[in-house]
Amino acid sequence: MEYRRLPHSNLEVSELCLGTMTWGEQNTQSEAFSQLDYAIGQGINFIDTAEMYPVPPKAETQGATERILGNYLKKAGNRDNLVIATKVAAPGGKGDYIRPNMALDWRNLHEAVDSSLERLQIDTIDLYQVHWPDRNTNFFGELSYQQIDENEKLTPIIDTLEALAALQKEGKIRYIGVSNETPWGLMKYLQLAEKHNLPRVVSVQNPYNLLNRSFEVGMAEISHREEVPLLAYSPLAFGALSGKYLDDQWPEGARLTLFKRFARYTGSQVALDATKAYVELAREFKLSPAQMSLAFVNSRKFVGSNIIGATNLEQLKENIDSINTSISPELMARLDELAQVYRLPCP
């Protein structure tokens, strides 16, 4: 396992990060503990969660994932060896039940951090991330930006940064990150931080996989030149790039079998055609489709860590083994050829 320092921080994170959003919905606490034991045993030191988790989000289970992780940290006594990241929910996204009058302002951020710390049973969050923007923009697969000139409800980014600065001074968070951000949003965070001597964003957590390389269009150059590495989520496109949903297969207990609402990577013919092409290419090179897909993300220079998830240990083992898979120049050329044939099939 390789470790990478997130620039402008002293966080050394494993090249793979353990995602947790199935814990409390598809996975029990016992299963989550087994995943943590195995992942940490393989060298993973970076754990990512969110106050909204598990997914799909709903009031009855909100916070369960953080609570499970907190129970593990208390039982294992290894918190100091790990980098713990979590996220604050913004308005919209069907999460307004979390707090009344949701916003990314001082009150909401302080309430959110205090609740997360309590559930996680820790004193400080290593990386605290804004889960999605509090403004009208494109995220979660939305296209066609809609301009709103009047009555747009939003929290100014400067207000969010000032609240995060206060939490940092209080010792409740160490570093900040953003998630599901746009090029404009990330640059505005950086600009305001520099101008007003406020905390600097050290990471951006956006989707990135062979079916969704949209990060490369406007964000990758910012990531490189401004030193804000990507924490890549959905590297297997909700598991679709493993090939398990091809030919109208719906494995029992799989996420997209259980929750048909998540159709981002399976809801169009072009998505299915692209997935089949990548799966066939992996098999041509005698590679596991899942491991090839993960190894592609691992190889990107702008990636700080690749967030993997699993619902069972067999999947987790295969995913972690992707660090032993390399993308040859020939294979990369073929992947890029397919990317030209199937241009951003699932943005």
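Which residues form one aromatic cluster? Select Y208, F215, F296 and F302, and you have the four names that make it up. Keep in mind throughout the tour that this is a predicted model.

**Aromatic rings**

Across the whole structure, a search finds 11 aromatic pairs. For one of them, select F139 and F140, whose rings are arranged edge-to-face. Their centres are 5.2 Å apart, with 75° between the planes. Is F139 buried or exposed? F139 counts as buried because its relative accessibility is 18%, which is under the 20% cut-off. F140 has a relative accessibility of 37%, so F140 counts as partly exposed.

Next, select F259 and F262. The ring centres of F259 and F262 lie 6.3 Å apart and the planes stand at 75°, so this pair is edge-to-face. Both F259 and F262 are buried.

**Salt bridges**

Side chains of opposite charge can pair when their charged atoms come close. How many salt bridges are there? The count comes to 15, and the tour stops at three of them.

Select E66 and R119. Their side chains form a salt bridge, with 2.7 Å from N to O. E66 belongs to helix α2, residues 64-76, while R119 belongs to helix α3, residues 106-120. The two residues are 53 residues apart, and the pair links distant parts of the chain. Colour the surface if you like: E66 and R119 are both buried.

Move on to D126 and R79. The closest N and O atoms of this salt bridge are 3.0 Å apart. What does the pair tie together? D126 is in strand β6 (residues 125-130) and R79 is in the loop between α2 and β5 (83-88), so the bridge ties together parts that are 47 residues apart in sequence. D126 and R79 are both buried.

R334 is partly exposed because its relative accessible area is 26%. E284, with a relative accessible area of 46%, is partly exposed as well.

Salt bridges that share partners join R79, D126 and R174 into one network.

**A threonine in a loop**

For the last stop, select T182. Where does T182 lie? T182 is in the loop between β7 (173-179) and α5 (183-196). With a relative accessible area of 12%, T182 is buried, because the cut-off for buried is under 20%.

Show the backbone of G185 next. The side chain of T182 reaches the backbone nitrogen of G185 at 3.1 Å. Then look further along the sequence. Which residues are in contact with T182, leaving aside its neighbours within four places in sequence? They are R135, T137, N138 and M219. Display these residues together with T182 to see what surrounds the threonine.

How values were computed. Residues are numbered from 1 along each chain as its sequence is written. This is a predicted model: local features need pLDDT of at least 70, side-chain atom pairs count only at pLDDT 80 or more; totals for chains, interfaces and linings use all residues. Side-chain values use heavy atoms; hydrogens and water are left out. Helices (H or I, at least four residues) and strands (E, at least two) are DSSP runs, numbered from the N terminus. Buried means under 20% relative accessible area, exposed over 50%, partly exposed in between (1.4 Å probe, protein chains only). A polar contact is a pair of N or O atoms within 3.5 Å; within protein, one must be able to donate a hydrogen and the other to accept it, and residues adjacent in sequence count only if both atoms are side-chain atoms. Contact means heavy atoms within 4.5 Å. Rings of Phe, Tyr and Trp (its six-membered ring) pair if their centres lie within 6.5 Å; planes under 30 degrees apart count as stacked, over 60 as edge-to-face and the rest as tilted. A salt bridge is a side-chain nitrogen of Lys or Arg within 4 Å of a carboxyl oxygen of Asp or Glu.
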